[in-house]
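Walk through this model strand by strand, then helix by helix. Keep the structure open beside the text.

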Amino acid sequence: MAAAAALSGCISLPQTEALSGHAPPGLPPRVELEKVPFFEQSDFMCGPASLAMVLNAAGRPASVESLEPQVYLPGRRGSLQAEMLGATRRAGLVAYTLEPKMEALMRELAAGRPAIVLLNLSFRLAPIWHYAVVIGYDTEGEKFIVRSGRKPRDEWSYPFLEYLWKDSGYWAMLALPPGVLPATAREAEFAAAVAALEQAGGKREARESYRALLERWPDSLVGLFGLGNTEYAAGNLAAAEDAFGRATRAHPDAAPAFNNLAQVLFERGRLADAETAARRAVELGGPTRGEASKTLEAILARKAPH
Amino acid sequence: MRSSFVRLLCRMLVVCMVALPFQANAGLIGTDQVVTAEQALAARGMVSSVVSRADVASQLQSLGLSPETAKDRVAALSDAEVTKLAGQIQNLPAGADGGAILVLILIGVLIWYLVRK
């Protein structure tokens, strides 16, 4: 009994405590995403195996073999979190890091999305890191259903999962198809996740997700700005102008939005409007002042001969 | 049998007392997640992260990737991720082993013991 008291003193499992006997409201009592395919891992390959499961579940064919060269790092005998996110983007999906909560896992599962979790299978001082895929939960049995390592299906109690999961800061990620919002979407985090997909080259996919973001948060600066940039990249100048215009109206202090609006107006031959926007961008200054000055110069140079 | 079980438990207790006092607050979201949005904007403003990308790519090469593969992999990362990786690749978690069955069983016993107490 003394040992138990000491143990509970040094291990605290706050999320398990909060959820025990108190299922989060608005959730079905039990979810299991049986259709998520299982990929067995060979030695050290839980990164590629876990990724293959969620990518296939999101409609992107992938295998352990195809993903190994994208995430496995021989010198570390494992896969880094950042590269799990990066490989998801290379598949044209939004890599979204979840709020560090069991409840967030449950809400995403209820919306049909499996999550990859990073676990420490050992103790904090000598960690053994491992990725697994959570495919279901049961609020009555108080357990999660996972695909992990060589096991296609395993049931883990709340405290068991929380104990393994907490050392990673409760890290969990989703692979989302373009245009899909997570059930637990947070504006800034989702916007950053979409911007990262755009930056990694998935401009068309990112455009769809920016639209979804803006349906929920119409004034999102990153959303409007990203939509403008991806429309521009697709050659849709009118749509880009519209997005940057909305950005400048919703965020009258956002110098980059004025600069990009000016550039688009310039390319559409509307030199007077372009000049006004560019002057505003220069006035606002900030870290993008240099670009704004160049944009203004280009506009004035075009106007000069007339 | 019983006393050996208790001895095992005591050993684990010691390990966990040493290992666990510094755990993070569960509810806190990392600051980097909050600032990423701003960084994405800055990146579009051509504030270049070329230097840290090159740095991360060369570290990846030293850990066994070809230059080409390292370059492709770095290109899939956000600026915030590159910043975090730079100089830290040896220390950040690298998920790998699903075969740590023994440790898992020990943890299972520990949790089971705690829950039924």
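Two strands pair if DSSP finds at least two bridges between them. Strands themselves are DSSP runs of E with at least two residues, helices are runs of H or I with at least four, and both are numbered from the N terminus. This is a predicted model, in which local features need pLDDT of at least 70, side-chain atom pairs count only at pLDDT 80 or more, and totals for chains, interfaces and linings use all residues. Residues are numbered from 1 along each chain as its sequence is written, while chains are lettered from A and ligands numbered from 1 in the order in which they are written.

Start with β2(A) and strand β3 (residues 78–80) of chain A. They pair in the antiparallel sense over two bridges. A:Y72 stands opposite A:S79 in β3(A). The sheet crosses into the other chain: three strands form an open sheet in the order β2(A)-β3(A)-β1(B), with antiparallel pairing. Its edge strands are β2 (72–73) of chain A and β1 (94–95) of chain B, each of which pairs on one side only. In general, strands of a sheet pair through backbone hydrogen bonds, either parallel or antiparallel.

What else does chain B hold? It has six helices and one strand. Along the sequence, chain B reads α-α-α-α-α-β-α. Buried residues make up 29% of the 117 residues in chain B. A residue is buried if 20 or more other C-beta atoms, placed from the backbone, lie within 10 Å of its own; 12 or fewer make it exposed, and in between it is partly exposed. Take the contacts in chain B between residues at least 6 apart in sequence: 62% join residues at least 24 apart. Here a contact means C-beta atoms, placed from the backbone, within 7 Å.

Return to chain A and find strand β5 (residues 115–120). Six of its six residues are buried. A:A115, A:V117 and A:L119 point one way from β5(A), while A:I116, A:L118 and A:N120 point the other way. β5(A) has antiparallel pairings with two strands of chain A: β6 (residues 129–138), over six bridges, and β9 (residues 172–176), over two bridges. A:L118 has A:Y131 as its bridge partner in β6(A). A:V117 has A:A172 as its partner in β9(A).

Now the helices. Two packed helices are described by the angle between their axes and the distance between the axes. Axes are lines fitted to C-alpha atoms, for helices over the stretch in contact, and angles run from 0 to 180 degrees between N-to-C directions.

In chain A, helix α3 (residues 46–57) and helix α4 (residues 64–71) pack at an angle of about 120 degrees, with their axes 8 Å apart. α3(A) and α4(A) are therefore oblique to each other. Angles under 35 degrees count as roughly parallel, over 145 as roughly antiparallel, 65 to 115 as roughly perpendicular and the rest as oblique. The contact is made by A:G47, A:P48, A:A49, A:L51 and A:A52 of α3(A) and A:V64, A:L67, A:E68 and A:V71 of α4(A).

Further along chain A, the axes of helix α13 (residues 271–284) and helix α14 (residues 289–303) come within 9 Å and cross at roughly 155 degrees. α13(A) and α14(A) are therefore roughly antiparallel to each other. Contact residues include A:L271 and A:A274 of α13(A) and A:A292 and A:L296 of α14(A).

Terms used
Two residues are in contact if their C-beta atoms, placed from the backbone, lie within 7 Å.
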